[in-house]
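Please read this report with the sequence and the model side by side, and look up each residue as it is named.

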Amino acid sequence: MHSAVDVIRAKRDGGQLSDAQIDWVVDAFTRGEVADEQMAALAMAIVWRGMTRRETARWTQAMIDSGKRLDFTDLGRPTVDKHSTGGVGDKITLPLSPLVAACGAAVPQLSGRGLGHTGGTLDKLESIPGWQADIPVERMRELLADPAIGAVVCAAGADLAPADKRLYALRDVTGTVESIPLIASSIMSKKIAEGTGALVLDVKVGRGAFLKELDQARELATAMVELGTDAGVRTVALLTGMDTPLGHTAGNALEVCESLDVLAGGGPPDVVDLTLALAREMLAQAGITDVDPADALADGRAMDHWRAMVRAQGGDPDAALPQARHTETLRAPVSGTLTRLDALDIGLAAWRLGAGRARQGDPVQAGAGIEMHAKPGGSVVEGQPLLTLHTDTPEAFPTALEILRDAFTVSDTDHPTPQPLILDRITA
Ligand code: URA
């Protein structure tokens, strides 16, 4: 007979939880038998005391077992997905999923909405008129099996790791998000349950990321790679820089527009390079080694898959994207080199302009966000547009402009050495 208080005390005092204790507490919490305040206390004990690799693996498995684990092994093609821990201007899933599908893998991606200053893939795709995030599993299977489509980006159903849904909402309001084993098990329970055979993790590091330090990111990446591998999902992680935003846009429709540039063979070099690096990792994990994704981007195959994928989810790939009703321009105060453009400030300002939400369930503005006319290392001339702010709610401009006042540095003496985009690669 288990007791929540005994489990909390054991972890509080630095002990290891047994498999039976973990299975029971996760299951009883999902059923409502363990109260929110008890689970919050246990989460806080885990924040302080940590969990071993065995405990974390068992915790993850218990969260998977709280719902359904999808199975796409009968598709006739390898499945592979990518997960990003979230950044500013991170629109990579949009060009990446159809690109990898065009190269012969199936991409089942259950994605999330943005919260706070980092954007969510579903919010971006929902700016395409008609596009639907809710796809039943049987339809998902049909789309993945269709060689002309092969990729689905959709919302996770209620029966996918329901224990994590409850626990994440609780952690969010009890200051218990910041724990490597809890974050790793939360992300990986959903990714393992979605039924992908292989997974590439893009763990962001820097000012605009959830983890600011390389060591922390490496620790999280290692924990996630171990969890995936132990659960039979071939998993690799790239640690990538997030001190400055990716690409030239942050905001939902603005980022869809930029992704279309990439799919058309253009787009900002950092977005193209990261898309191709992740595509190569995904294809290697899927066992596809004879296709160069750069070719599929250049010859329009990735764009064809994008159009088919958008249409299959009710969207019109030819429809005009929503535009914000108001814009404001922030200009370079002096001439020189842009030495810094801060991802966190850009993310916070885009959020205030209406691109993100403060609480789960809030609406977002499809057209809101920020266009960046220069990137760190680029030259700017006094008075030229540096940032264009977009919103339907112009009363947001003063707050956004205040945030952006210190978001950048222009120097006529410093020339920053460009930061590599990929900082490390973690394998099992
Ligand atoms: N994202 C998740 O899905 N879970 C966490 O715990 C943190 C980020």
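Is Ala400 buried or exposed, and what is its relative accessible area? Ala400 is buried, because its relative accessible area is 0%, where buried means under 20% relative accessible area, exposed means over 50%, and partly exposed lies in between, with a 1.4 Å probe and protein chains only.

This is a predicted model, in which local features need pLDDT of at least 70 and side-chain atom pairs count only at pLDDT 80 or more, while totals for chains, interfaces and linings use all residues. Residues are numbered from 1 along each chain as its sequence is written, and side-chain values use heavy atoms, with hydrogens and water left out.

**Buried and partly exposed residues**

Ala400 belongs to helix α16, which covers residues 397–404; helices (H or I, at least four residues) and strands (E, at least two) are DSSP runs, numbered from the N terminus. Although 54 residues separate Ala400 from Ile346 in the sequence, their C-alpha atoms are 8.8 Å apart in space.

Asp342 is found in the loop between β8 (336–341) and α15 (343–355), and Asp342 counts as buried because its relative accessibility is 4%. The side chain of Asp342 makes a polar contact of 2.6 Å with the side chain of Arg207. A polar contact is a pair of N or O atoms within 3.5 Å; within protein, one must be able to donate a hydrogen and the other to accept it, and residues adjacent in sequence count only if both atoms are side-chain atoms. A polar atom of the Asp342 side chain also lies 2.8 Å from the backbone nitrogen of Asp345.

Gly378, in the loop between β9 (369–372) and β10 (379–380), is partly exposed, because its relative accessible area is 23%. The C-alpha atoms of Gly378 and Pro416 are separated by 9.7 Å, and the two residues are 38 residues apart along the chain.

Helix α5 (residues 93–102) is mostly covered, with 10 of its 10 residues buried, among them Thr93, Pro95, Leu99 and Ala102. After α5 comes Gly104, whose phi is positive, near 110 degrees.

**The ligand and its surroundings**

Which residues surround the ligand? They are Tyr168, Arg171, Ile183, Ser186, Ile187, Lys190 and Phe210, where a residue is near a molecule if one of its heavy atoms lies within 4 Å of it.

| Side chain | Ligand atom | Distance |
|---|---|---|
| Arg171 | oxygen | 2.9 Å |
| Ser186 | nitrogen | 2.6 Å |
| Lys190 | oxygen | 2.5 Å |

Taken alone, the ligand exposes 240 Å², and the protein buries 85% of that; accessible areas come from the Shrake-Rupley method with a 1.4 Å probe. The elements that give two or more residues to the shell around the ligand are α8 (162–172) and α9 (180–193), and α9 gives the most, with four residues.

**Charges over rings**

In a second case, the charged end of Arg352 sits over the ring of Trp351, 5.6 Å from its centre. A charge sits over a ring if NZ of Lys or CZ of Arg is within 6 Å of the ring centre and within 35 degrees of the ring normal.
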